[in-house]
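This briefing is meant to be read with the sequence and the 3D view side by side. Please look at both before working through the points below.

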Amino acid sequence: MSCNRDETTVVEDWFGRYGPPVVGATKVGSQLRQPIRRFTLTNASKMTVQVITYGATITSISVPDRQGNVDDVVLGFDEIQDYYAYKNYFGSTVGRFANRINGGKFSLGGRQYKLNCNNGPNHLHGGLRGFDKAIPHSF
(Lines give C-alpha, C1' and ligand atoms only; values in the text may rest on other atoms or scores of the structure.)
Protein backbone atom coordinates (compact mmCIF):
# COMPACT_ATOMS: atom_id res chain seq x y z
CA MET A 1 0.00 0.00 0.00
CA SER A 2 1.23 3.52 -0.71
CA CYS A 3 -0.14 7.04 -0.65
CA ASN A 4 1.08 10.53 -1.46
CA ARG A 5 0.20 13.63 0.54
CA ASP A 6 1.95 16.97 0.17
CA GLU A 7 4.98 15.37 -1.52
CA THR A 8 5.41 12.76 1.22
CA THR A 9 5.10 9.14 0.17
CA VAL A 10 4.21 6.33 2.58
CA VAL A 11 4.89 2.73 1.56
CA GLU A 12 3.94 -0.30 3.67
CA ASP A 13 5.79 -3.60 3.28
CA TRP A 14 6.87 -6.73 5.16
CA PHE A 15 9.67 -6.75 7.77
CA GLY A 16 9.38 -10.29 9.14
CA ARG A 17 7.69 -12.25 11.91
CA TYR A 18 8.18 -11.60 15.61
CA GLY A 19 9.03 -14.32 18.08
CA PRO A 20 11.08 -17.47 18.40
CA PRO A 21 10.70 -20.20 15.78
CA VAL A 22 7.69 -22.32 16.71
CA VAL A 23 7.06 -25.85 15.51
CA GLY A 24 3.39 -26.34 14.63
CA ALA A 25 0.59 -23.82 14.92
CA THR A 26 1.02 -20.50 16.68
CA LYS A 27 -0.91 -19.74 19.85
CA VAL A 28 -4.11 -17.77 19.25
CA GLY A 29 -3.98 -14.34 20.87
CA SER A 30 -0.24 -14.38 21.48
CA GLN A 31 2.54 -12.47 19.79
CA LEU A 32 4.34 -15.63 18.73
CA ARG A 33 5.17 -15.39 15.04
CA GLN A 34 3.12 -12.23 14.50
CA PRO A 35 3.74 -10.51 11.15
CA ILE A 36 5.71 -7.27 11.45
CA ARG A 37 5.01 -4.51 8.94
CA ARG A 38 7.34 -1.68 7.94
CA PHE A 39 6.27 1.82 6.90
CA THR A 40 8.65 3.96 4.86
CA LEU A 41 7.97 7.69 4.69
CA THR A 42 9.85 9.67 2.04
CA ASN A 43 9.70 13.42 1.43
CA ALA A 44 10.69 15.60 -1.52
CA SER A 45 14.11 16.28 0.08
CA LYS A 46 14.97 12.54 -0.08
CA MET A 47 14.68 12.11 3.68
CA THR A 48 13.24 8.72 4.66
CA VAL A 49 12.01 7.33 7.96
CA GLN A 50 11.28 3.63 8.43
CA VAL A 51 9.09 2.45 11.32
CA ILE A 52 8.11 -1.15 12.09
CA THR A 53 5.04 -2.27 14.02
CA TYR A 54 7.12 -4.11 16.65
CA GLY A 55 7.29 -1.51 19.43
CA ALA A 56 6.64 1.32 16.93
CA THR A 57 10.40 1.07 16.38
CA ILE A 58 12.25 3.49 14.14
CA THR A 59 14.65 1.27 12.19
CA SER A 60 16.10 3.91 9.89
CA ILE A 61 16.25 7.65 9.30
CA SER A 62 18.17 8.54 6.16
CA VAL A 63 18.96 12.18 5.47
CA PRO A 64 20.95 13.94 2.76
CA ASP A 65 23.95 16.09 3.69
CA ARG A 66 24.85 19.40 2.01
CA GLN A 67 26.30 17.57 -0.97
CA GLY A 68 23.19 15.39 -1.35
CA ASN A 69 24.82 12.20 -0.03
CA VAL A 70 22.20 10.21 1.89
CA ASP A 71 23.16 8.31 5.05
CA ASP A 72 21.29 6.43 7.79
CA VAL A 73 21.66 8.13 11.19
CA VAL A 74 19.83 5.58 13.39
CA LEU A 75 21.28 2.65 15.32
CA GLY A 76 19.20 -0.40 14.52
CA PHE A 77 18.98 -3.76 12.82
CA ASP A 78 18.00 -4.95 9.34
CA GLU A 79 16.23 -8.11 10.57
CA ILE A 80 13.41 -8.59 13.10
CA GLN A 81 15.27 -11.55 14.64
CA ASP A 82 17.96 -9.14 15.85
CA TYR A 83 15.39 -7.01 17.70
CA TYR A 84 14.07 -10.19 19.31
CA ALA A 85 17.54 -11.54 20.22
CA TYR A 86 19.11 -8.34 21.58
CA LYS A 87 17.16 -6.94 24.53
CA ASN A 88 17.73 -3.23 24.03
CA TYR A 89 15.67 -0.20 23.11
CA PHE A 90 17.21 0.78 19.73
CA GLY A 91 14.66 3.07 18.09
CA SER A 92 11.72 1.78 20.10
CA THR A 93 8.85 3.65 21.67
CA VAL A 94 9.38 3.28 25.39
CA GLY A 95 6.64 3.47 27.96
CA ARG A 96 4.36 3.63 29.76
CA PHE A 97 7.17 5.44 31.51
CA ALA A 98 10.50 6.54 30.00
CA ASN A 99 13.44 6.20 32.38
CA ARG A 100 13.82 4.42 35.71
CA ILE A 101 11.44 4.25 38.62
CA ASN A 102 13.69 3.79 41.64
CA GLY A 103 12.95 0.63 43.59
CA GLY A 104 10.14 -0.32 41.21
CA LYS A 105 7.47 1.43 43.28
CA PHE A 106 5.75 4.79 43.59
CA SER A 107 2.88 6.47 45.42
CA LEU A 108 -0.02 8.25 43.79
CA GLY A 109 -2.98 9.71 45.61
CA GLY A 110 -1.88 8.09 48.86
CA ARG A 111 -1.80 4.62 47.29
CA GLN A 112 1.43 2.60 46.86
CA TYR A 113 2.05 0.87 43.50
CA LYS A 114 4.60 -1.92 42.99
CA LEU A 115 5.99 -2.51 39.48
CA ASN A 116 8.02 -5.32 37.98
CA CYS A 117 11.76 -4.67 38.06
CA ASN A 118 13.71 -5.24 34.87
CA ASN A 119 16.80 -3.15 35.63
CA GLY A 120 18.23 -4.49 38.86
CA PRO A 121 16.00 -3.13 41.64
CA ASN A 122 14.41 -0.58 39.27
CA HIS A 123 11.56 -0.42 36.77
CA LEU A 124 12.91 0.71 33.35
CA HIS A 125 10.96 2.03 30.32
CA GLY A 126 7.64 0.35 31.10
CA GLY A 127 8.98 -2.87 32.58
CA LEU A 128 9.01 -6.39 31.22
CA ARG A 129 6.19 -5.64 28.80
CA GLY A 130 6.44 -1.98 27.84
CA PHE A 131 5.39 -0.31 24.60
CA ASP A 132 8.71 -1.42 23.06
CA LYS A 133 7.34 -5.01 22.92
CA ALA A 134 3.81 -4.17 21.75
CA ILE A 135 2.63 -4.88 18.21
CA PRO A 136 -0.16 -2.41 17.41
CA HIS A 137 -2.51 -3.09 14.52
CA SER A 138 -1.71 -1.18 11.35
CA PHE A 139 -4.48 -0.16 9.01
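A residue is called buried when its relative accessible area is under 20%, exposed when that area is over 50%, and partly exposed in between, using a 1.4 Å probe and protein chains only. By this rule Glu12, at 15% relative accessibility, counts as buried. The structure is a predicted model, in which local features need pLDDT of at least 70 and side-chain atom pairs count only at pLDDT 80 or more, while totals for chains, interfaces and linings use all residues. Residues are numbered from 1 along each chain as its sequence is written, and side-chain values use heavy atoms, with hydrogens and water left out.

**Overall layout**

- The chain contains 1 helix and 10 strands, where helices (H or I, at least four residues) and strands (E, at least two) are DSSP runs numbered from the N terminus.
- Followed along the sequence, these elements come in the pattern β-β-β-β-β-β-α-β-β-β-β.
- Of the 139 residues in the chain, 27% are buried.

- Side chains of opposite charge can pair when their charged atoms come close.
- The structure holds 2 salt bridges, a salt bridge being a side-chain nitrogen of Lys or Arg within 4 Å of a carboxyl oxygen of Asp or Glu.
- One of them joins Arg37 to Glu12, with the closest N and O atoms 3.1 Å apart, and this pair links distant parts of the chain, since Arg37 is in strand β3 (residues 34-42) and Glu12 is in strand β2 (residues 8-18), 25 residues apart.

**Thr57 and its surroundings**

- Thr57 is found in strand β5 (residues 57-64) and counts as buried, with a relative accessibility of 1%.
- A polar atom of the Thr57 side chain lies 2.6 Å from the backbone oxygen of Tyr54. This is a polar contact, meaning a pair of N or O atoms within 3.5 Å; within protein, one must be able to donate a hydrogen and the other to accept it, and residues adjacent in sequence count only if both atoms are side-chain atoms.
- Phe90 and Thr57 are 33 residues apart in sequence, and their C-alpha atoms are 7.6 Å apart in space.
- Phe90 itself lies in the loop between α1 (80-85) and β7 (100-101), where it is partly exposed at 31% relative accessibility.

**Other pairs separated in sequence**

- Ile58, also in strand β5, is partly exposed, with a relative accessible area of 29%.
- Between Ile58 and Leu75 there are 9.1 Å in space, C-alpha to C-alpha, and the two are 17 residues apart in sequence.
- Phe39 has its place in strand β3 and is buried at 16% relative accessibility.
- Phe39 and Ile52 are 13 residues apart in sequence, with a C-alpha to C-alpha distance of 6.3 Å.

**Loop residues with positive phi**

- Lys46, in the loop between β3 and β4 (48-52), has a phi near 70 degrees, which is a positive value in a residue other than glycine.
- Lys46 is exposed, with a relative accessible area of 55%.
- Ala56, in the loop between β4 and β5, has a positive phi as well, near 45 degrees, and is likewise a residue other than glycine.
- Ala56 is partly exposed, with a relative accessible area of 32%.

**A patch of negative charge**

- Asp65, Asp71, Asp72, Asp78 and Glu79 gather in a patch of negative charge on the surface.
- Patches are made of residues with over 30% relative accessible area and no salt bridge, with like charges joined within 9 Å and nonpolar side chains (Val, Leu, Ile, Met, Phe, Trp, Tyr) within 5 Å.
- One member of this patch, Asp71, sits in strand β6 (residues 70-72) and is exposed, with a relative accessible area of 53%.

Methods. Areas by Shrake-Rupley, 256 points an atom, 1.4 Å probe, with all protein chains shown as cover. Lys, Arg positive; Asp, Glu negative; His and termini not counted. Charge placed at Lys NZ, Arg CZ, Asp CG, Glu CD.
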